[in-house]
Amino acid sequence: MTLAATELAFRAASVALLLVLAASLASDFRNVLAARLGAAFALGSAAHAASYSIGASSLVAGWHAPLIALSTGNIVVFWLFTRALFDDEFRLRWWHGLVWAAVTTFSFAGCVWIAPSGHVRFSVTAVNLIVLGFIALAIRQTIVSWSSDLVERRRRVRVFIVLAAAMYGGLNALLQIAIGGAAGDVANTINAGALACIVAILTCAMMRVDGADLFPASVAAPTMAKPAAFDESADRKLIDALMRLMADERVYRQENITIGVLAGRLKIPEYRLRRLINQRLGYRNFNMFLNNHRIEEAKAALADPAQAEVPVITIAMDAGFQSLGPFNRAFKAVTGVTPTEYRRLKVNAA
């Protein structure tokens, strides 16, 4: 088999697997933002698999330019996908669409105008610096939210996301900047094979992991969890001890409280506390667990006539929030109203 035929086979395999993955996510989890973004990322990756080659030339076929533009814009989708996958409270904003459109438009302009006008090196370098920037943002998001993630299987997926993004996407962007001109058939065949392997591993991993761990059917506003009557006496004792720390000592008020610190107070390994809060109390994120307790305290203070003159910011910081913005967003996500509206409703009802 010739190199050209081998490369074509690798590309076809990648496109086929990515289309199947996109269809599966769109069908099984159509109402979940992370899954929809995952399907969009798979479709953009299919465009990448069909159009990408190491090196660049000043002339790009008319049909090829839109695929290259979609492939470049897909790095924005990848960033949004990692945010939605690892942050259950993430929501798309209108400006996210503008960022995607700007990156895609710039890449298209590079294919049909900038490169043909004699600025191939500038076009290639600028596009790939953008790609490296969004890869860095995605990796940062993946690492920063690692400690607060309580879903064990989702934590393991992070390792693959970071390695795949850094090794494939980052390396290819650097190669494009370094080479600038056209590369040989061997390099493109190896690249196509590497992409096919990564896609196959990703597809296999998605089939082995319970989709509900990655894409919950719904992410409802959290409610104050209460210990249930478990058969395991050890779990029941730990939950009782945890709730005493939260209710009596109010450890959630401490600045920069981490799950490691809380596990140390309970004298248990960190992984066990993560599993306890996730599987027994139903939380997917440690910060959401803490904020739930903070908001319960704030609700009681806002409804207390004796604290009617206490500023909302004071109540928020007393409960453990570091600033007013995050408090307002978290409070409204749980109650459906702002803290000020909640206080007014309670005063009118009294």
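1. **A pair in α11.** Glu270 and Arg274 sit four residues apart in helix α11, about one turn of the helix. Helices here are DSSP runs of H or I with at least four residues, strands are runs of E with at least two, and both are numbered from the N terminus. The two side chains meet in a salt bridge, 3.1 Å from N to O. A salt bridge requires a side-chain nitrogen of Lys or Arg within 4 Å of a carboxyl oxygen of Asp or Glu. Glu270 is partly exposed, with a relative accessible area of 33%. Arg274 is buried, at 11%. The cut-offs are under 20% relative accessible area for buried, over 50% for exposed, and partly exposed in between, with a 1.4 Å probe and protein chains only.

2. **Basis of the model.** This is a predicted model, in which local features need pLDDT of at least 70 and side-chain atom pairs count only at pLDDT 80 or more, while totals for chains, interfaces and linings use all residues. Residues are numbered from 1 along each chain as its sequence is written, and side-chain values use heavy atoms, with hydrogens and water left out.

3. **Overall make-up.** The protein chain has 15 helices and zero strands. Of its 350 residues, 45% are buried. Take the contacts with a separation of 6 or more: 74% of them join residues 24 or more positions apart. Contact means heavy atoms within 4.5 Å. The accessible surface comes to about 17,700 Å², and 63% of that belongs to carbon and sulfur atoms. These areas come from the Shrake-Rupley method with a 1.4 Å probe; for residues, only the protein chains shown count as cover.

4. **Main core.** The largest nonpolar core has 43 residues. Such a core is a set of buried Ala, Val, Leu, Ile, Met, Phe, Trp, Tyr and Cys residues joined through side-chain atoms within 4.5 Å. Leu37, Ile75, Val76, Phe78 and Phe215 touch the most other members. Two or more residues each come from α1 (3-28), α2 (33-51), α3 (64-86), α5 (120-144), α6 (152-179) and α7 (185-208). Helix α3 gives the largest share, ten residues. Phe78 touches Phe41, Ala138, Ile161 and Ala165, not counting residues up to four places away in sequence. Another core, of 25 residues, lies apart from this one; Leu238, Leu245, Val251 and Ala263 are among its members.

5. Ala192 is in helix α7. Ala192 counts as buried, at 6% relative accessibility. Ala192 and Phe10 are 182 residues apart in sequence, yet their C-alpha atoms are 5.6 Å apart. Leaving aside neighbours within four places in sequence, Ala192 contacts Glu7, Phe10, Arg11 and Ser14. Two of these contact residues, Glu7 and Arg11, form a salt bridge with closest N and O atoms 2.8 Å apart. Both lie in helix α1, four residues apart.

6. **Other charged pairs.** The salt bridge count comes to ten. In helix α12, Glu296 and Lys299 are three residues apart, about one turn. Their closest N and O atoms are 3.5 Å apart. Glu296 is partly exposed, at 28% relative accessible area. Elsewhere, salt bridges that share partners join Asp235, Arg272 and Arg280 into one network.

7. **Surface patch.** Trp146, Val159, Leu163 and Met167 form a nonpolar patch on the surface, with about 390 Å² of accessible area together. Patches take residues with over 30% relative accessible area and no salt bridge, joining like charges within 9 Å and nonpolar side chains (Val, Leu, Ile, Met, Phe, Trp, Tyr) within 5 Å. Trp146 is in the loop between α5 and α6. Trp146 is partly exposed, at 33%.

8. Pro339, Tyr342 and Arg343 are buried in helix α15 (residues 339-349). They cover an arc of only 100 degrees around the axis, so they are on the same side of α15. The arc is that of the directions from the helix axis to the C-beta atoms. These buried residues pack against α12 (286-302), α13 (312-319) and α14 (324-335). The face turned away from the buried side carries the exposed residues Leu345 and Asn348.

9. **Backbone points to check.** Most residues other than glycine have a negative phi. Asn256 has a positive phi of about 60 degrees. Asn256 lies in the loop between α9 (233-247) and α10 (259-266) and is exposed, at 62% relative accessibility. Lys267 also has a positive phi, near 60 degrees. Lys267 is in the loop between α10 and α11 (270-280) and is exposed, at 75%.
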